[in-house]
Amino acid sequence: MRGLAEEFDESTNSIRKELNNLSEAGYLNKVTIQNRISYNANTQHPLFETLQKLVFHYLGLPTIIEMIVERMGIVEQIYIIGDYARGIDSGTIEVIIVGPQLDKQYLNQLEGKIEKEIERKVRFIATSNYKDKGLLIYEAKLLS
């Protein structure tokens, strides 16, 4: 809560009130563990997907996806990992790109272009196989 108060230049009391309001409205789930209260997004809320898309656009994720898929080769999946996957705006977006024979040279050139476009640092990791945790933001539709 202190971090949010500093980031928004507000008191912790006003942040607590807003978190409670969002929780009462059903946007957030409130969980008490020992003496700590945690909040997380209510993925069952009817507006969750709409709000998630709004955040994706704010972060520039559609731009990242479009630029990657355009010339990278066969891209099967794209994941966001690290701070952004946990909902923390740390300034660096970590992106895992999964696919066979990805053009890593193009990926190195793309970092600078995307960083200028979305005004955030981007770190790419290209791999042919990824089974770890992350926020899946793109999955190729395979033709049967």
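Trainee: Why is Lys121 called partly exposed?

Mentor: Its relative accessible area is 45%. Buried means under 20%, exposed over 50%, and partly exposed in between, with a 1.4 Å probe and protein chains only. Lys121 at 45% is therefore partly exposed. This is a predicted model, where local features need pLDDT of at least 70 and side-chain atom pairs count only at pLDDT 80 or more, while totals for chains, interfaces and linings use all residues. Residues are numbered from 1 along each chain as its sequence is written, and side-chain values use heavy atoms, with hydrogens and water left out.

Trainee: What makes Glu115 and Lys121 a salt bridge?

Mentor: A salt bridge needs a side-chain nitrogen of Lys or Arg within 4 Å of a carboxyl oxygen of Asp or Glu. The closest N and O atoms of Glu115 and Lys121 are 3.4 Å apart, so the pair meets the definition. Glu115 has 22% relative accessibility and therefore counts as partly exposed.

Trainee: How many salt bridges does a search of the whole structure find?

Mentor: The search finds 2. Glu94 and Arg123 also meet in a salt bridge, at 2.5 Å from N to O. That pair links distant parts of the chain, 29 residues apart: Glu94 is in strand E4 (residues 92–98) and Arg123 in strand E5 (residues 121–127). Strands (E, at least two residues) and helices (H or I, at least four) are DSSP runs, numbered from the N terminus.

Trainee: Is Glu94 buried or exposed, and how do you know?

Mentor: Glu94 is buried, because its relative accessible area is 19% and the limit for buried is under 20%.

Trainee: Which residues make the nonpolar surface patch?

Mentor: Leu22, Tyr27, Leu47, Leu51 and Leu54 make a patch of about 420 Å². Patch residues have over 30% relative accessible area and no salt bridge; nonpolar side chains (Val, Leu, Ile, Met, Phe, Trp, Tyr) are joined within 5 Å, like charges within 9 Å. Areas come from the Shrake-Rupley method with a 1.4 Å probe; for residues, only the protein chains shown count as cover.

Trainee: What makes Leu22 pass the area limit?

Mentor: Leu22 has 36% relative accessibility, and the limit is over 30%, so Leu22 passes it. Leu22 is found in helix H2.

Trainee: Where is Lys30, and why is it called partly exposed?

Mentor: Lys30 is in strand E1. Its relative accessible area is 41%, so Lys30 is partly exposed.
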